[in-house]
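Please read the following report with the sequence and the structure side by side. It goes through a few local features in turn.

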Amino acid sequence: MDLFEDIYEHEQVVFCNDPQTGLKAIIAIHNTTLGPALGGCRMRPYASFDEALQDVLRLSKGMTYKCAAADVDFGGGKAVILGDPEKDRSPELFRAFGQFVESLNGRFYTGTDMGTLPEDFIHSLRETNCIVGVPEAYGGSGDSSVPTASGVIYGLQATNQALWGTDELRGRTYAIQGLGKVGSKVAAHLIEEGASLYVTDINKQALDEIETKANLHGVTVQVVRGDEIYDVEADVFVPCAFGGVLNDNTISRLKTRAVVGSANNQLEEEHHGTMLADKQILYAPDYIVNSGGLIQVADELYEPNKDRVLRKTKAIYTSLLTIYQQAELNHMSTAEAANEFCEDRIEFRKKRNSFFSHMKRPKWAVRT
Ligand SMILES: NC(=O)C1=CN([C@@H]2O[C@H](COP(=O)(O)OP(=O)(O)OC[C@H]3O[C@@H](n4cnc5c(N)ncnc54)[C@H](O)[C@@H]3O)[C@@H](O)[C@H]2O)C=CC1
Ligand SMILES: O=C(O)CCC(=O)C(=O)O
């Protein structure tokens, strides 16, 4: 019965077990008021089943809010595969995963997240059409980390505008945690703009690549180890690795004026949003900043089109400024202001949904 207490906010949680391929996965569907659930699939060597379950439950709830904030016709869902992407990924494993997605009969669409690549889902696509973000050659919109990184850049510009009255990125120092698909692109853009960086990653090759790029542009990049990223003297902390990084331990250490990054579920608990506000650190709600990838994959409904996606992703700039203003006006944290905005939008749509329109969505243009 404890399990049902854990999942009480969710519509459906599916446990996927395929001994032949070694697939162990959990699919969580949080809320489908706005449309079928959509969310990437993460692969991680979780320490326990419970850790994986908590991760997928929090991630899928975050997707409900992300879909509402981005105003797309999808609801919140997410999947996790319990395994080490370095050792356990295989075409057959992703094909088996596709079979489980197909069993949900259009209630859940998925693609990449931390630890998975667009190429992995080419195998899933052989079993189900409910796959997004595969390479263009397979009819998808390609790597969703490209618009996600663009969204982080718009988020940084909006935050600089709110704090310093200019959206220029140069002349400031950014502390980036994680140089994977998203973080490396954000770092590369900031280097091209002439900003200074502190960076950390557990992957030496990722660090070497950024240092090489910085040298080419004559820009300072300082590599720090692990936890030291929370202590550096920078203007903005940019978390682009994993969740829960804003907590009792780290917030007291941060010296930055803002937090703007792609990582999902950055706040360990909701009250950490208030803790940041009390410390005068401007927090850009993660699910607004990192919605570029979602915007791209949801936009596949109308056939892939990079210009349209870029235009929609640019709205992150104004959405963030609106949330910052609402928070100030209503004396609440930016996290609370964003949550309230999304909850109102979902409530409104719940009243407006008709049985007929709901069943017709989504209309996939490319894969009928
Ligand atoms: N890829 C996308 O389009 C989106 C990603 N996100 C989120 O952004 C974050 C990053 O995503 P991706 O770049 O796609 O993942 P990724 O797996 O490509 O990159 C993650 C990076 O973090 C590094 N890392 C892992 N543990 C670390 C540690 N202890 N300290 C420092 N670095 C560490 C990894 O070595 C890797 O370079 C994740 O939280 C993901 O959920 C959110 C929205 C969309
Ligand atoms: O990026 C994707 O493929 C889907 C969106 C997603 O999972 C996310 O924004 O976390």
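## Aromatic pairs

A search of the whole structure, which is a predicted model, finds six aromatic pairs, where rings of Phe, Tyr and Trp (its six-membered ring) pair if their centres lie within 6.5 Å, and planes under 30 degrees apart count as stacked, over 60 as edge-to-face and the rest as tilted. One of them is the tilted pair of Phe 15 and Phe 49, with 5.8 Å from centre to centre and 40 degrees between the planes. Because Phe 15 belongs to strand S1 (residues 12-18) and Phe 49 to helix H2 (residues 49-70), this pair ties together parts that are 34 residues apart in sequence; helices (H or I, at least four residues) and strands (E, at least two) are DSSP runs, numbered from the N terminus. Phe 15 has a relative accessible area of 39% and is therefore partly exposed, and Phe 49 is partly exposed at 42%, since buried means under 20% relative accessible area, exposed over 50%, and partly exposed in between (1.4 Å probe, protein chains only).

The rings of Tyr 65 and Tyr 287 also form a tilted pair, because their centres are 5.7 Å apart and their planes stand at 45 degrees. This pair links distant parts of the chain, with Tyr 65 in helix H2 and Tyr 287 in helix H11 (residues 286-289), 222 residues apart. Both of these tyrosines, Tyr 65 and Tyr 287, are buried. Elsewhere, one aromatic cluster is formed by Phe 94, Phe 97 and Phe 121.

## The surroundings of Ser 141

Ser 141 is found in the loop between helix H5 (120-124) and helix H6 (145-164), and it counts as buried because its relative accessibility is 5%. Its side chain makes a polar contact with the side chain of Glu 300 at 2.6 Å, a polar contact being a pair of N or O atoms within 3.5 Å; within protein, one must be able to donate a hydrogen and the other to accept it, and residues adjacent in sequence count only if both atoms are side-chain atoms.

## How the model is described

Residues are numbered from 1 along each chain as its sequence is written, while chains are lettered from A and ligands numbered from 1 in the order in which they are written. In this predicted model, local features need pLDDT of at least 70 and side-chain atom pairs count only at pLDDT 80 or more, whereas totals for chains, interfaces and linings use all residues; side-chain values use heavy atoms, with hydrogens and water left out.
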